[in-house]
Amino acid sequence: MMEFIQQLINGISVGSIYALIALGYTMVYGIIKLINFAHGDVYMLGAFAGLYATLVLKMSFVPALIFSMIVCAILGIFIERLAYRPLRNSPKIVILITAIGVSLLLEYTTMFFLGPQPRAFPKVFKEISYSLLGGKITISNREILIIAVTVILMILLQYIVHNTKIGKAMRAVSYDMQAARLMGINVDTTISITFALGSALAAAAGVLVGIYYNKVFPLMGIMFGLKAFVSAVLGGIGSIPGAMTGGLILGITESLVSGYGSSLYRDPVAFVILIIILLVKPSGLFGKNVREKV
Amino acid sequence: MRKGFVRVVALGLLSFLLLFTSACGNKSESSNAIKIGANLELSGNVATLGQSGLNGIMLAVDEINNAGGVLGKKIEIVKYDNKSDNTEAASVATRLITQDKVVAIIGSCTSGNTLSYVNIAETNKVPVISPSATNPDVTVDPKTGKVREYIFRTCFIDPFQGTAMAKFVLNELKLKKVAVLKDNTAPYSVGLAKFFVEAFKAGGGEILADENYTTQDQDFRSVLTKIKNLKPEFIYVPGYYEQVGQIVKQARELGINVPMGGGDGWDSPKLVEIAGAAALNNTFITNHYSSLMPDPKVQDFVKKYKEKYGSEPDAMAAVGYDTVLVLVDAIKRAGEATPEKIKEALKTTKDVEGVTAKISLDENHNPAKSLVILEYKDGKQTYKAYVNP
């Protein structure tokens, strides 16, 4: 039982990170029906921005997190403006391939300038492990931090989407882009802001991962990006609570698979889940049925 | 207007790439030199191994060239980065053989990367001499049981390394219950684990768990939680420093305070950076040599290395240095620098005075070398024991 609780803690920490990244996939898909495969690399750049902020600019954790989120928000807008906006009316496949191209461009440009070696993340605060129930369960202050930051950002995002003018615009654009434009909503700005928000969340995930695993490297976005994508699909792509739930489910499943099965099955299981979801309920757990337009 | 902007950006990127590729393409041709290839991990996930190895190699080459070279010629090292990647290592080997026409190849540092091009070297009849590929399959084809004619090494092999650690745990640490956590994607790690387990069971020990991970993994908490509940007295992690660093760190965070250990794949300054000095306390590794050994040969090497690079030479630097000595000895005895002659001479290598040992190669192209067991204390390696073959 104690082991089970420990595995849950392990799973929730990783799952929170998946959820943060998954939000970016889900928001962008929700609004322009594009799977932004470069998103995992934005997360990687977020980790490097955080590294730069703490190492060179000597920032403490919160300023570094905010710095990294701002850098990636700008990057997100830039990517959308340069790579996706010129192709907005092109066939879906063109945009999808462009997304993969952008992903590779980001990975290898980073590798070119920073080298492929992993870098150790500086210790931004003292690492403490709390042991509960006579050492049977341990939880580190970083795990608490990951979960706390994720929950705070989630609540913030929910607030932005449901209670602000820009949130209303985002929902309107995702509902019907043409109608929203006719109603006087600036569609381009709205899409830019969606990219900025999603990228900022990915950056936060990047910094948290840097602190949690103490290691950042240019290809770190590939696996985490894919897992976050699976989380988004699992929860229902386009749904914000779905991304959160999907991330947690995936994190916990992985943790239980390696804890009670074999760690070699962890990644296959994640992708088997993806395939099963696509076969059984393609809209995901929280997905809505697409309305037919008459 | 919009299209024009995109075009400008695309053109800019293209010219940028062209500029860089052409800038990297300069090669120096000197006919009066013996060309030796170096196929090393200069970047990627075991980059510090290749970089230290290269430092050791260059130290030896510079010394030999300053002393007049071999057979009246200077040695020229043609080095390429294999990015710690199997496929890349194979293409680097092909390039060295077919384009640069080297007479021999030094490398690679890991067994997996070396194994990826042993067949290429065999087919093209160019000798390869690895400083640190410890897996037995590197020189002996496991399918046929035959020795690979052109492949040599200057390091001990995994059965020796794994067995030495098993005996150390049983006899010195007096521990009987062990968990093994290995990198299932690295032949080095799988090999070491296998020989450790065999020797440990034979010595009366008990293996509680034999778990796996892959090189891409970042999170080991789940599998470590599982291991923790089995209550092992020692955990053997025969991987490379990058994952090992995280495994040790995460294990300590989960409250696993038992001793842990591994092989020469741990030996990197990055290990201390990733795991943290405190987490590494109570860990033991088998290694090729220690810069703390009082042997004057070792101390002389350490002094020269420090003068040139300003840092303490790790084991990879020492075996890199020794590999050049063995190769140059063979070229001298061969009388001419052709792959065929060098191969023949390498086979009869006897008593080459290296830093790590006096090296003689046996019929399987392996040297019989002793190893050292080191313990990490506050992030520093300390000398623990010396094991003879």
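Tutor: Helices, of at least four residues, and strands, of at least two, are runs assigned by DSSP and numbered from the N terminus. In this predicted model, residues 64–87 of chain A are 88% helix and 0% strand, with end C-alpha atoms 34 Å apart. Residues 144–161 of chain A are 100% helix and 0% strand, and their end C-alpha atoms lie 26 Å apart. Both spans are among those that an unreviewed UniProt entry annotates as "transmembrane region".

The part to examine closely is a sheet in chain B. Five strands make up this open sheet, with parallel pairing and the order β2-β1-β3-β4-β5. Strands β2 (74–81) and β5 (151–153) of chain B each have a single partner strand, so one side of each has no neighbour in the sheet. On average, neighbouring strands of the sheet are turned by 25° against each other, direction ignored. Within the sheet, β1 (residues 33–40) of chain B pairs with β3 (residues 104–107) of chain B in the parallel sense, through four bridges. For N39(B), the bridge partner in β3(B) is G107(B).

As to confidence, chain B has a mean pLDDT of 88, and 92% of its residues reach 70 or more. Helix α1 (residues 2–23) of chain B has the lowest confidence in the chain, at a mean of 62, whereas strand β8 (residues 234–236) of chain B has the highest, at 95. Over residues 23–30 of chain B, pLDDT stays under 50, and the model has seven contacts beyond four places in sequence for these residues. For the complex, the predictor gives an ipTM of 0.83 and a pTM of 0.83.

Conventions:
Residues are numbered from 1 along each chain as its sequence is written. Chains are lettered from A and ligands numbered from 1 in the order in which they are written. This is a predicted model: local features need pLDDT of at least 70, side-chain atom pairs count only at pLDDT 80 or more; totals for chains, interfaces and linings use all residues. Side-chain values use heavy atoms; hydrogens and water are left out. pLDDT is the predictor's confidence in each residue, from 0 to 100. Contact means heavy atoms within 4.5 Å. Two strands pair if DSSP finds at least two bridges between them. Axes are lines fitted to C-alpha atoms, for helices over the stretch in contact, and angles run from 0 to 180 degrees between N-to-C directions. UniProt positions are given in the numbering used here, feature names are shortened, and annotations may be inferred rather than shown by experiment.
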